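Thank you all for coming; I would like to take a few minutes to walk through one structure with you.

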Amino acid sequence: MDITNASTTTDSSSSGAAAAPAPLTLALVVASDREGRFAPVVTDWFRSRLAEREDFTVTVVDLAEIDLPTSLSHDPSPAVRAELAKVSPVLEAADAYVVVTPEYNHSFPASLKNLIDRHYTEWQAKPVGFVSYGGISGGLRAVEQLRQVYAEMHAVTVRDTVSFHHAHGLFDADGRHKDPAAAEGAAKALLDQLGWWGRALKDAKSVRPYGA
């Protein structure tokens with residue numbers, strides 16, 4: 001899990017212009033923990049898109065680095081509490097999320113469902129975007145299932161996604177996208193929507209807590 005800070009916004013008060021709002025805090029959740037996974041290639045590409053924006057600061061939550069058992073408990077052991085301490089504060093502090101997920105057997109990884117099920121209020125009234133990858137479907141079947149799951153968490157999923165069909169063939173040996181124009185456009189659309197929803201929901205909650 002690491003943190004990438006967006007560029008500092010220039011103070012424009014001397015020119016009379018309104019100061020830009022503070023960046024939103026974005027948790028980038030890498031769902032796959034499979035050995036030999038393709039997730040780092042897709043994640044690094046998406047992080048390169050985020051690096052060009054000043055409206056987000058990013059914390060990466062890589063589920064391959066979090067050791068959470070699949071058995072849930074209302075009274076987790078000290079070892080499980082220690083693992084949750086690595087991720088729960090990050091999810092709580094986030095204004096928005098992007099989930100990078102593969103598609104396994106027409107669905108999403110168990111590691112991601114485990115993370116979602118261990119949290120509830122952390123997700124509420126926040127937007128979630130998706131970057132998916134896979135074979136012919138590009139991971140979209142996993143995304144459609146995740147929309148239902150996140151609706152139960154009271155989260156708002158943004159419409160546009162970034163989807164990589166036959167993902168292994170789209171990137172070169174150095175992880176560079178071979179023909180990035182369409183994917184870059186999709187990433188911009190996703191992040192523009194995520195930023196709008198993140199700002200709108202954050203502002204609304206500052207006036208009235210969610211559920212009140």
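This is a predicted model: local features need pLDDT of at least 70, side-chain atom pairs count only at pLDDT 80 or more; totals for chains, interfaces and linings use all residues.

**Around Y150 and the cores**

If we leave aside its neighbours within four places in sequence, Y150 is in contact, meaning heavy atoms within 4.5 Å, with V99, L112, I116, W123, V128, F130, A155 and T157. Residues are numbered from 1 along each chain as its sequence is written, and side-chain values use heavy atoms, with hydrogens and water left out.

Y150 is also among the residues that touch the most other members of the largest nonpolar core, which has 29 residues, and V29, L91 and V99 are others in that group. By such a core I mean buried Ala, Val, Leu, Ile, Met, Phe, Trp, Tyr and Cys residues joined through side-chain atoms within 4.5 Å, where buried is under 20% relative accessible area with a 1.4 Å probe, protein chains only. A second, separate core holds 28 residues, including V42, V58, V98 and V100.

Turning to the strands, which are DSSP E runs of at least two residues, as helices are H or I runs of at least four, numbered from the N terminus, β3 (residues 56–62) has 6 of its 7 residues buried. Strand β2 (residues 24–30) runs parallel to β3 and is joined to it by 7 bridges, pairing requiring at least two DSSP bridges, and A27 has T59 as its bridge partner in β3.

Technical notes:
Buried means under 20% relative accessible area, exposed over 50%, partly exposed in between (1.4 Å probe, protein chains only).
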